[in-house]
Amino acid sequence: MRFLQRLHNDQVTSGDGDPGADGLLQQLRSEGDSLLAAGDEAIRRALAGSNSEDFLRTSRQQGGQ
Amino acid sequence: MSTHPANESADLLPRLCGADIELGNFIAGVVRAGGTGYEASRALLAEIDGLPVRHDNWWSSSAAASSYKYNNQPGSSASSSAYAYDYQDVGRRFLLSNGGCAYIDLDHVELCLPEVINAFDHVAAWHGMLRNMRAALHRANESRSPNSRIQVLVNNSDGQGNSYGSHLNFMITRRTFDNIFWRKSHYLSFLASFQISNILLTGQGKVGAENGRPAAPYQISQRADFFEILQGPQTTFKRPIVNARDETLCGRCLADDPSAPARLHVIFFDSALAHGSALFRVGPMQLILTLLELGLVNSRLILDDPLDALQSYSHDPSLQASARLINGEQLTLVELQSAFLEEVKRYAAQGVFTGIVPEYEEIIALWEGAVDNFAKRNLMAAARGGIDWVLKLMVIERSMDQHAGLDWDSPEVKVIDHLYSSLDTDGLYWAYESGGFTRQLVTPERIAYFAQNPPPDTRAWTRAMLLRRATPGSVFSVDWDTITFKMRGRYNWPTYRTFNMTNPLEHTQAEAQKIFDSPLDFADLLDALESDSCNTTLTVDALTVRQQQGEEHYALSTTAT
């Protein structure tokens, strides 16, 4: 199970049952989901970029402070 | 003097804050033994203008020009004019734009923000500096082939066991510094417990675990795996949760003065991109440090085993892990952070922070809203409120939903982790910021201002203005509290004149603008600045904040020398 789903289930379990609050929450989630979609193209580009293993190999850094 | 309800007499200082933040930099797609950080960092720094100008090969190990040796020796020089190579301080140049500086530390470009007092100014100055750094990145990449482009990551770990810092520097009294590190162990424990609980709001999030820690698909803090002891002065190995490096913030000449303020060097927090996380690195620390200054230390809020708690909390993004306090209570991360918030609110109601922490009511309101989102498990609201680790988690889980076959062990997922923090336009954070997903706590105009201007209410303003006014070749050395100019003396013999800015709260725009507006030649300008209340001894007395009747500013009682 994904972390967000686990957190969501936790919320459902401990929710106060206020239908107004639930509706607002649902609206917020729906609105947020559509805004999250704005990043889908960026995710697609990230995954379509160079070979991931090569990228990670070259991203090695010297330890700093 | 203050009449705050404190256990100790309070000599309150504004929580002046600076920052020195290392970036991840490498050449994407190029494999070299030892990595490409050396080449990438030098190419990037070459695109950042600043003073003093060095025409020699400053990155050569045989003739590096700029050096600033960290040291704890009172009165010793830390001037950038010293000609000795220091691989932790290569090519330091101060910026005419905003009064900050940039240099290379262990093959990482390091950006130092100018001193600010207001936590919201910190957010604006940070994003302004990132904007400038991105322009430098684009210039550096212009002449490079598509197969050897430099990549800059605003993060703190390469996922391969190497970490680099995102440090904050807070001005505190010497008394409080000594209390934390040398006299009162519960002060140290209180501060450590707060810092740990604050990963809830400041963590950037990271795929995987490092440094020999137990495996974790995703964790809240990038840095947590690298803290191995409770306190200590070191920063590159066995990193301490609370850093005890004792360097003067306000002037080397005062290092042996017990009444001079101290610097608390905070190496604990992750780099932040989202505005909320950036603000919560500074604002709540300003409030908690004020409580420490006042001796308002609630020993109930002390973790029994801070290092163990940090691991437990960071490795559990489902927020169910609990840690034991010394009184036997078990608190989750959200509960512990809530307890610190309640402590701050209690004292805010008594006026403790008035005149000490600018916009403290706004900081507390945002803090409360952020913690409340977690208490209600409203992760969407937390992400939209600007908490990096939650937004990154949403991005990664969304990518898993949309691309079959991806799981927490997929290299593609680690790439997304890294690219969340990419400074360039491929950075995933920027996609969500520009798409209006995350709440912006400072306006684009305020960011643009701090990209090109110093904070008006600290000495950074005069530093930047002097660097702009001086002939570039005349700037011999620059440090946070001094600038040395090469002047023409009698018979045109060169002389060196050092302008001191010992007090970080002086030399503000309000004090110095009129002088810079005068038609003075440069020597007369320095004379005027020096004669205009600028030679003051910085002592706690001199910095004692006197609350003006309802006014949100700091009135300093200064002592002329």
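Predicted model: local features only at pLDDT ≥ 70, side-chain atom pairs only at ≥ 80, totals over all residues.
**View 1. Chain A meets chain B.** On one side of this interface are 36 residues of chain A, in contact with 70 residues of chain B. Between them the two chains bury about 4,700 Å², and carbon and sulfur atoms account for 61% of that area.

**View 2. Polar links across the interface.** Here we turn to specific atom pairs. Between chain A and chain B the count is 20 residue pairs in polar contact, and the count of salt bridges is one. That salt bridge joins the side chains of A:D40 and B:R398, with N to O at 2.6 Å. Four helices of chain A each give two or more residues to the side that touches chain B: α1 (3-14), α2 (19-36), α3 (40-48) and α4 (52-58). The largest share comes from α2(A), with eight residues. Sorted by class, the side of chain A that touches chain B has 15 nonpolar, 11 polar and 10 charged residues.

**View 3. A salt-bridge network in chain A.** A:E41, A:R44 and A:R45 are linked to one another in a network of salt bridges.

**View 4. B:E293 and its two arginine partners.** Which residue forms a salt bridge with B:E293 at 3.0 Å between the closest N and O atoms? The partner is B:R15. B:E293 lies in helix α6 (residues 275-293) of chain B, while B:R15 lies in the segment before β1 (17-22), so this pair ties together parts that are 278 residues apart in sequence. Both B:E293 and B:R15 are buried. The side chain of B:E293 also meets that of B:R175 in a salt bridge, at 3.8 Å from N to O. Because B:R175 sits in helix α3 of chain B and B:E293 in helix α6 of chain B, this second pair ties together parts 118 residues apart in sequence. B:R175 counts as partly exposed, at 26% relative accessibility, whereas B:E293 counts as buried, at 0%.

**View 5. Helix α3 of chain B and a loop.** B:R174 and B:D246 form a salt bridge, and their closest N and O atoms are 2.9 Å apart. B:R174 lies in helix α3 (residues 174-183) of chain B, and B:D246 in the loop between β11 (239-243) and β12 (262-266) of chain B, so the pair ties together parts that are 72 residues apart in sequence. B:R174 is buried because its relative accessible area of 15% falls under the 20% cut-off. B:D246 has a relative accessible area of 26%, so it is partly exposed.

**View 6. A hairpin in chain B.** Strands β16 (residues 482-488) and β17 (residues 494-500) of chain B run antiparallel and are joined by seven bridges. One pairing to look for is B:R488 with its bridge partner B:P494 in β17(B). Five residues lie between the two strands of the hairpin. In the turn, B:Y491 has a positive phi of about 55°, a handy value to check in your own viewer.

Note on methods. Residues numbered from 1 in each chain as written. Chains lettered and ligands numbered in written order. Heavy atoms only, no water. Contact = heavy atoms within 4.5 Å. Buried area = accessible area lost by both parts, 1.4 Å probe. Salt bridge = Lys/Arg side-chain N within 4 Å of Asp/Glu carboxyl O. Polar contact = N/O pair within 3.5 Å; in protein donor to acceptor, adjacent residues only side chain to side chain. Nonpolar A, V, L, I, M, F, W, Y, C, P; charged D, E, K, R; others polar. Pairing = 2+ DSSP bridges. Buried < 20%, exposed > 50% of the residue type's maximum accessible area, 1.4 Å probe, protein only.
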